Amino acid sequence: MIQSKWGPWSLCVIALILLTIYNILLTAKLMYGQECVKGVQVKQTEVAQAVRPPPPPPQCRLEQHVSGDDLQINIELELGRWDNRMLYKLYDRIFVGDRYAQLSEEYFVCLATQSSLERLFSLVQVTRNWSGPISAAVFAAGDDELNLLLSYIVYLRRCFPNIRERVTFHLTLPKSRLPKVIDIDVDVIGGLNCVNAESILRALVARRTGATDKWRTKNPYPQNHLRNLARKNCQSQYVFLTDVDIIPSEGLAEALNYFLRKVSCKKLCAYVIPTYEIDNRVRFPPNKTELVRLANKGLARPFHQKVFIYNQFATNFSKWQVTTGEDKEVHVSHPVTNFEFLYEPFYVAPDSAPPHDERFIGYGYTRNTQVYEMFVAGYEFLVLSPVFTCHWGLQVKRGRPVWREYQNNLHRKYFETFKKEVFAKYNKDPLRMMEQRKVQSL
Ligand SMILES: *[C@@H]1O[C@H](CO)[C@@H](O)[C@H](O)[C@H]1NC(C)=O
Ligand SMILES: *[C@@H]1O[C@H](CO)[C@@H](O)[C@H](O)[C@H]1NC(C)=O
Ligand SMILES: *[C@@H]1O[C@H](CO)[C@@H](O)[C@H](O)[C@H]1NC(C)=O
């Protein structure tokens with residue numbers, strides 16, 4: 001009976017009707033569809049009105065300025081992985097540098113770094129002087145900040161070939177303010193000029209909602225989560241972990257390649273790259289001779305010398321500065337002989353070094369505890385020359401904001417646990433921290 005009712009002829013007709021409807025729908029979608037790239041909504045807003053060319057026609061015009069490739073954002077917001085305490089969601093490789101994999105083979109050292117939206121501009125400077133692979137972990141809270149952050153990364157990748165080639169980005173999001181949608185403004189990004197990367201960033205940051213600004217000041221920035229995320233996504237043999245505003249000296253990656261190829265380290269070695277802070281008015285020193293000249297004129301000095309002397313003191317800059325050597329080759333200037341607690345140099349080491357403890361969230365005890373554990377584990381710190389890094393601006397001591405004081409006090413308490421754990425793990429106490437009842441206050 002069924003056969004007689006639905007003969008082969010009528011089945012054909014039904015199939016034909018369905019196909020036609022499907023075709024009409026597809027055509028309609030192509031003509032009027034809002035989505036240019038899956039998962040990325042396109043809309044227009046005001047930010048760049050001043051700097052952009054005449055308004056584009058309403059259809060999708062991705063190819064005009066921002067190519068479809070630029071929008072290959074590898075995130076599925078609902079599929080991140082949790083950190084150990086389920087406070088943050090982590091996403092690996094949301095953008096992959098075009099030559100990241102290749103550079104990871106060519107260079108011994110991967111530069112691992114972390115940043116929030118406000119400071120991301122420094123990547124432009126970092127990539128000018130660092131030709132090797134860069135693994136960058138970024139942080140965003142809420143829909144508005146995430147979308148501003150992604151927009152800026154798309155912009156950086158479009159305007160700066162060095163960033164596009166070398167940098168692979170990873171993302172960390174807080175559980176308590178998880179973004180829900182990716183919604184970036186392709187037309188606006190396409191219209192942004194490539195000259196004023198810094199002011200464009202400021203304009204984007206200004207578009208963050210009041211609620212997000214408030215959240216950001218009230219909640220700690222998970223530096224150590226970001227550091228571990230950046231470190232573990234490096235593929236090279238060695239990692240050079242920095243903060244994003246630490247600018248390497250010219251040709252550092254090549255210089256390290258040369259050095260590490262011939263070096264032999266019998267035990268555990270970490271190679272310290274001295275860090276200076278330089279006056280905003282000077283030209284970035286192209287070599288050590290020039291840096292030392294600036295230092296002698298008071299236009300450069302060891303990083304944090306005035307703010308927090310322990311930070312780099314054990315590097316022994318006076319010793320480093322004496323050998324102004326015009327010798328181009330990288331070599332060990334001297335070993336660190338007076339290691340002290342709270343020392344936190346930027347160093348190059350294989351990534352089998354201990355991780356950054358993620359119980360320290362925010363400021364205080366974040367990097368120096370990791371360096372402390374390395375020291376207890378038996379690492380030797382060797383200071384390299386004539387390479388260096390610089391931070392823009394001579395830092396002066398300022399009153400510490402209340403939130404920072406609060407985080408610091410909290411971390412001072414955690415540190416009591418941390419140092420016992422380190423002692424239990426290595427059964428060594430070279431700095432006699434277990435005897436010392438009162439930890440120097442930061
Ligand atoms: C190295 O970086 C500094 C600071 O951004 C810059 O002034 C300098 O031109 C860079 N060097 C090269 C070779 O690009
Ligand atoms: C170092 O830089 C200074 C200033 O640019 C330059 O005059 C000098 O020749 C450079 N020295 C070397 C060895 O490249
Ligand atoms: C730095 O080196 C000088 C001599 O080269 C030495 O007298 C001094 O104790 C060292 N200081 C530190 C902090 O290592």
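Buried means under 20% relative accessible area, exposed over 50%, and partly exposed in between, with a 1.4 Å probe and protein chains only. At 34% relative accessibility, R207 counts as partly exposed. This is a predicted model, in which local features need pLDDT of at least 70, side-chain atom pairs count only at pLDDT 80 or more, and totals for chains, interfaces and linings use all residues. Residues are numbered from 1 along each chain as its sequence is written, chains are lettered from A and ligands numbered from 1 in the order in which they are written, and side-chain values use heavy atoms, with hydrogens and water left out.

R207 sits in the loop between helix 9 (197-206) and helix 10 (210-218). Helices (H or I, at least four residues) and strands (E, at least two) are DSSP runs, numbered from the N terminus. R207 and E145 are 62 residues apart along the chain, with 8.6 Å between their C-alpha atoms.

**Nonpolar cores**

A nonpolar core is a set of buried Ala, Val, Leu, Ile, Met, Phe, Trp, Tyr and Cys residues joined through side-chain atoms within 4.5 Å. The largest has 97 residues, and W130, Y152 and F169 have the most contacts inside it. Helix 6 (residues 142-159) gives the largest share of this core, 10 residues. The core lies between domain 1 (35-245) and domain 2 (249-442), because both give residues to it. Domain bounds come from an automatic or database domain assignment. In soluble globular proteins, nonpolar side chains tend to be buried together.

Contact means heavy atoms within 4.5 Å. Neighbours within four places in sequence aside, Y152 is in contact with L117, L120, F121, A197, E198, I200, L201 and L204. Another core, of 17 residues, lies apart from the largest one; Y88, A112, W215 and Y221 are among its residues.

**L252**

L252 belongs to helix 12 (residues 252-262). L252 is buried, at a relative accessible area of 0%. Beyond its neighbours within four places in sequence, L252 is in contact with N129, W130, F240, I273, V387 and F388. S131 is 121 residues from L252 in sequence, yet 8.1 Å away in space, C-alpha to C-alpha.

**The cavity**

On a 1 Å grid over the protein atoms alone, a cavity is a set of points where a 1.4 Å probe fits but cannot get out; lining residues have an atom within 4 Å of a point. Grid points are joined across faces, edges and corners, and a volume is the space filled by probe spheres set on the points. The count comes to one cavity of 30 Å³ or more. The largest cavity has a volume of about 50 Å³. Strand 6 (238-241) and strand 12 (347-350) are the elements that give two or more residues to its lining. The lining includes F240, Y347 and H356. Domain 1 (35-245) and domain 2 (249-442) each supply at least three lining residues.

**Backbone exceptions**

Most residues other than glycine have a negative phi, and most peptide bonds are trans.

| Residue | Phi | Place | Relative accessible area |

A cis peptide bond joins S385 and P386, with omega about 0 degrees. P386 lies in the loop between strand 13 (380-385) and strand 14 (389-392).

Methods:
1 Å grid on protein atoms, 1.4 Å probe; cavity = no way out; pocket = protein on both sides within 12 Å on 5 of 7 lines; lining within 4 Å.
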